Amino acid sequence: MPVPVPSGPFVPAGTVRVFDTTLRDGEQAPGAGLTAAEKLEVARQLVRLNVDVIEAGFPAASPGDWEAVNRIAKEVRGVAVAALARCRDGDPQKAIEAIRVAERPHLHVFIATSDIHLKHKLKITRDQALAEAVRWVRFGREQLGRDAEIEFSAEDASRTDPAFLLAIYEAVVAAGATTVNIPDTVGYAIPAEFGALVGRVVDLVGRDATISIHCHNDLGLATANTLAAVQAGARQVEVTINGLGERAGNASLEEVVMALRTRPTQFPELLSRVQTEHITTASRLVSHLTGFAIQPNKAVVGANAFAHESGIHQDGVIKNPLTYEIMTPQSVGLSGSQLTIGKLSGRKGLQKKLHDLGHDVSGDALDIVYREAIALADVKKEVTDADLLALLQQRSGDVPASIVMEGWSVTSSHGGRSTGSVRLTFDGDERAGESTGNGPVNALYRAVDEAIRPVLGWEPTLVEYEIKAVTEGEDAQGRVFLRCRRSTDTGPDAIIVTGHGLSTNIIEASLEAYVVAANKLWTAEQDEASLPALGSTERLP
Ligand code: KIV
Ligand code: ZN
């Protein structure tokens, strides 16, 4: 039966479609698992950024990931929602079920095409791979109808025999694919070589489908390869915030988008629709939620990206910023301004400031941030943009709170052990704990364990603990990030959750993070679907 294939153009002339895969490939970075609520929070920020497609996850990987994709598909508007599926019975059905409700569903099916993957991983022939690709593209088209986007990816395309690669792309386009993606799955390609390959695919099927690319960063060339592909005719770029992703990561959204914007003569008449002023907020949110720090010298979003140290550079920038800045800090959402907030500062001023930072906050949420900002202004000389963003991020992810900290105290001295005690409630019932430890944080964590172990039957075990100052200065807020598992959960598939705490008192921040993690573990125990990727052991390319 002939398959009705929509006719182009699929991407408006003059634009490059930005397909953000932070929530799928980015989340596959080891240890970057996000809860459904956290994924939704990132999705909302991606909507503010104005990306074209959000790849929300891989629904067949776990019930939790299905749930997260479905929630995003239901909630977000004005953007396409994509779900990934292998060309294997069960996967596309689950993906379609999750995204059918989206305003613009985008099904993304893939199968490996390189001989090394076919022989050693899938153990099938090229003909079988081609037949499966055609079968599941056709299935997607039939299920989702003529207006949906059906994307096909040839995994490990850059190491695939080009003749076979072209044959499979031709076949899937005939079967109803409207986007064909050329992944450099293992980051093996070199820009000129990759551009030439993309050019051949453009010549073959570029009139009937959007040509997309998806580059990994194993040789540090993901952005370069992505840009070479755009110059060769690709019109969809698959990218992640901060370049998060498997192994060395994916091409980073901020680098690709700012390159298009900063070098118009190299990409004539081509722009993305991304609102670049929201880049910094998105970058910090993703870093905060995943716990993946941004290296200071990271292009566009690193702390030093707009810092000038040497006298010659400083002198030049003072005379004219264009001497050493190829883009303005404002263009990526760095105002550089300090907000002075005190007891007399008003809600309106704070609301406007948050708006400028990319967050529209009102009602109860504004009241909470306002109270916290005023309290912070009491203990800190200056409340900066970074402080405000940290306050907002601390509130994100709506973690259910059965365990609520009511009070704590600790004594600690040089050379001696520390003693800590806590008072908390568990679902409203008061509980207390006391313990010693090799430092104040350790003593308090053990005291929390004493208080909750009788109810839970386990305590959180720390897998990772990190503390950082949000801003410079002695009165800076400390941000604690940690990962924990249940003490009884010792296997390789243990659920690992993250916890965050924020305070000018680093012991308070440490306790807050521990309690958040304990609450997440307790939620996961009752309902694993609530924590999508965290329990999943399935890994994708
Ligand atoms: O890297 C890769 O090949 C992928 C595909 C699933 C697009 O992530
Ligand atoms: Zn990938």
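# A chat about the model

Visitor: Let's start with Asp156. Buried or exposed?
Guide: Asp156 is buried, at a relative accessible area of 0%. Buried means under 20% relative accessible area, exposed means over 50%, and partly exposed is in between (1.4 Å probe, protein chains only).

Visitor: What kind of model is this?
Guide: This is a predicted model, where local features need pLDDT of at least 70 and side-chain atom pairs count only at pLDDT 80 or more, while totals for chains, interfaces and linings use all residues. Residues are numbered from 1 along each chain as its sequence is written, chains are lettered from A and ligands numbered from 1 in the order in which they are written, and side-chain values use heavy atoms, with hydrogens and water left out.

Visitor: Back to Asp156. Where is it found?
Guide: In the loop between strand 5 and helix 6 (162-175). Helices (H or I, at least four residues) and strands (E, at least two) are DSSP runs, numbered from the N terminus. The phi of Asp156 is near 65°, which is positive in a residue other than glycine.

Visitor: And Arg247, what is its phi?
Guide: Near 50°, again a positive value in a residue other than glycine. Arg247 sits in the loop between strand 8 (236-239) and helix 9 (253-262). Arg247 is partly exposed, with a relative accessible area of 44%.

Visitor: Zoom out. How many helices and strands are there?
Guide: The protein chain has 16 helices and 16 strands. Its radius of gyration is 25 Å, close to the 24 Å that the globule rule gives for 541 residues, so the chain is as compact as a globular protein of that length. That radius is taken over C-alpha atoms, and the globule rule is 2.2 Å times the number of residues to the power 0.38. The C-alpha trace spans about 75 × 60 × 45 Å along its principal axes. Buried residues make up 55% of the 541 residues.

Visitor: New topic: ligand 1. How many residues surround it?
Guide: 12 residues do, and the closest are Arg24, Asp25, Thr185, His214 and His216. Here a residue is near if one of its heavy atoms lies within 4 Å. The shell divides into three nonpolar, six polar and three charged residues. Ala, Val, Leu, Ile, Met, Phe, Trp, Tyr, Cys and Pro count as nonpolar, Asp, Glu, Lys and Arg as charged, and the others, Gly among them, as polar.

Visitor: Which strands supply residues to that shell?
Guide: Strand 4 (104-112), strand 5 (149-155) and strand 6 (179-184) each give at least two.

Visitor: How far is Thr185 from the ligand?
Guide: A polar side-chain atom of Thr185 is 2.6 Å from an oxygen atom of ligand 1. For an N or O atom in the side chain of His216, the distance to a ligand oxygen is 3.0 Å. The protein covers 100% of the 260 Å² of accessible area that ligand 1 has on its own. Such areas come from the Shrake-Rupley method with a 1.4 Å probe; for residues, only the protein chains shown count as cover.

Visitor: What are the protein donors of the zinc ion?
Guide: Asp25 (OD), His214 (NE2) and His216 (NE2), lying 2.0 to 2.2 Å from the zinc ion, ligand 2. Donors are N, O and S atoms within 2.8 Å of the metal (3.2 Å for Na, K and Ca); water is not among the atoms, so sites may look incomplete. Along the chain, the donors follow the spacing D-x188-H-x1-H. Both His214 and His216 are buried.

Methods
A polar contact is a pair of N or O atoms within 3.5 Å; within protein, one must be able to donate a hydrogen and the other to accept it, and residues adjacent in sequence count only if both atoms are side-chain atoms.
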